[in-house]
Amino acid sequence: MDENELVAASQGGSVAAFNQLVVAYQEAVYNVAYRVLGDREAAADATQEAFLSAYQSIKGFRGGSFRAWLFRIVTNACYDLLRTRKRRPAVSLEEVASNPSEAWSAPGEMESPDDYVLRRELNREIQAGLGRLPPEQRLAVVLCDVQGFSYQEIALITRSSVGTVKSRLSRGREHLRDYLLSHRELLSSGKRLTR
Amino acid sequence: MGRIIGEVRQGHKRDQLSAYIDNQLSPAEVEEVRRHLGQCPACAEELRTLREAVMLLRELPPVPLPGSFTLVEPARKPLFDLRGLFRPRWAYPALQYATVISGFLLVVLLSGDLSAQFAAPRAAMAPSRQAEQGFLPSSKDVPSEARGLAVPPAPPPTLGAKEAEAPEGVPVAPPVTTGAPEPRSKVVSTPPATPLPLAAARAPTPIPLPSPWSAGVPAATATPPASATPPALARVESGPTVAAPTPEVRALPEGRSALNLPLWRGMELGLGVVFFALLALTFAARGAGRKR
């Protein structure tokens, strides 16, 4: 069954069909949630909440891009969690941004221990830099550069214009680039992002 | 703000570099940015570092999933949900009280049954043993009517001949010695003709039957009134024409009626089942309360 048929079956109440959509999108959804929230547990909560909410409201899906519709729900779930965290900061955003939880895969067979450590450091710095961006810019950067969404899709997901997406993306990238440049001693032998 | 105004005055294209990387500019804008980059080393450097940052983001490895996020199909609601029984606050105390009451009733029932089982044979054994050993009370101890009611130990071989003399002889002998079920039942079932009054008279401390059995065994519980014997004798003397008593009276020596026995056992069993079911429910309600 293709995506449209799975969506139609899910609208008819088929959990099995919806679960096929979940399997197809869960990695992307979880990764977006993790990059936006910077915390594995919170990302898992947001992902679960998003899929549950999507299943409950899929009858209201009127066609178009299912992916954009699904990621709008994910975005809302992430914003809800961010707002909750802001109201009750058990862990401050600053702390999450500067010390993101470890979520990296084991070293590859061809990867030396030094490269593995360097990759982990780089990933940690990128995640920390993302955490310092305003949520709208962070979301635009994650959707475009990490997940490969087009400007039009991001505009659909965030319910904004393509011009707004361009602007948020440009500022977000600049901020992130500046953050990484300020921590360039951690980057790979100073080969990258050097002025 | 001042930086942006300054950049615009100097003709910098920093705001368009991000879109330029993604080919999101119009051909005219692209041409304009390219021309500027050729003349402005600062913007060219800006573009290079920005591209590197974007490349780093695109090279980020995917974060492994903590598990599957597939939804679980909701289970069908059972027809009778026991958990609903435990929700009210009064459920646990109510179950406790019901369990205690049913347990108490069960104990009462069982103790009555046990005491009846021990008491009735003792009360009934004495005369029957005496009868088996051929021991009959002397005329000093027992009135003549009682003596006449004693069952002889064994039927003699010439019973058939004695049957004819039965009306004038010992009243008990003819029906018992016939061996036929009908006359025997008549005689044995005659309430006052049983040796129980005799046994009651001879027993030093007659054990009264418990209350549940006393209702079913009126003649065996206590010394019968004096007026009870003559009618019994009269009935025996009248021979087979006397109306036969109900067969349940046969069970008098055992201390309970034959018809009441299954009912009594059924009550014990039912109460036992109810008690243990209530006990299990009480523990379940206790566990549910702890979980909450």
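Guide: Let us begin with a pair of side chains: B:Arg48 and B:Glu52 form a salt bridge, with 3.1 Å between the closest N and O atoms. This is a predicted model, in which local features need pLDDT of at least 70 and side-chain atom pairs count only at pLDDT 80 or more, while totals for chains, interfaces and linings use all residues. Residues are numbered from 1 along each chain as its sequence is written, chains are lettered from A and ligands numbered from 1 in the order in which they are written, and side-chain values use heavy atoms, with hydrogens and water left out.

Visitor: What is a salt bridge?
Guide: Side chains of opposite charge can pair when their charged atoms come close. Here the rule asks for a side-chain nitrogen of Lys or Arg within 4 Å of a carboxyl oxygen of Asp or Glu.

Visitor: How many residues apart are B:Arg48 and B:Glu52 in helix α4 of chain B?
Guide: They are four residues apart, which means a separation of about one helical turn. Helices are DSSP runs of H or I with at least four residues, strands are runs of E with at least two, and both are numbered from the N terminus.

Visitor: Is B:Glu52 buried or exposed?
Guide: B:Glu52 is buried, because its relative accessibility is 18%. Buried means under 20% relative accessible area, exposed over 50%, and partly exposed in between (1.4 Å probe, protein chains only). B:Arg48 has 33%, so this residue counts as partly exposed.

Visitor: Which residue forms a salt bridge with B:Asp22?
Guide: That is B:Arg58, with the closest N and O atoms 3.0 Å apart. B:Arg58 lies in helix α4 (residues 41-58) of chain B and B:Asp22 in the loop between α2 (14-21) and α3 (27-39), so the pair ties together parts 36 residues apart in sequence. Both belong to a network of salt bridges that also links A:Asp145 and A:Arg173.

Visitor: How many salt bridges are there over all chains?
Guide: The count is 14. Another one of them joins the side chains of A:Arg67 and A:Glu153, at 2.9 Å from N to O. This pair links distant parts of the chain, with A:Arg67 in helix α4 (residues 66-87) of chain A and A:Glu153 in helix α8 (residues 151-158) of chain A, 86 residues apart. A:Arg67 also lies over the face of A:Phe149, 3.9 Å from the ring centre. For such a contact, NZ of Lys or CZ of Arg must be within 6 Å of the ring centre and within 35 degrees of the ring normal.

Visitor: And how do I read two rings?
Guide: A pair of aromatic rings is described by the distance of the centres and the angle of the planes. Rings of Phe, Tyr and Trp (its six-membered ring) pair if their centres lie within 6.5 Å; planes under 30 degrees apart are stacked, over 60 edge-to-face, and the rest tilted. The structure holds eight aromatic pairs over all chains. A:Phe18 and A:Tyr55 make an edge-to-face pair, 5.2 Å centre to centre with 65° between the planes. A:Phe18 lies in helix α2 (residues 15-37) of chain A and A:Tyr55 in helix α3 (residues 40-57) of chain A, so this pair ties together parts 37 residues apart in sequence.

Visitor: At what angle are the planes of A:Phe61 and A:Trp69?
Guide: Their planes are at 50° and their centres 5.2 Å apart, so the pair is tilted. Both A:Phe61 and A:Trp69 are buried.
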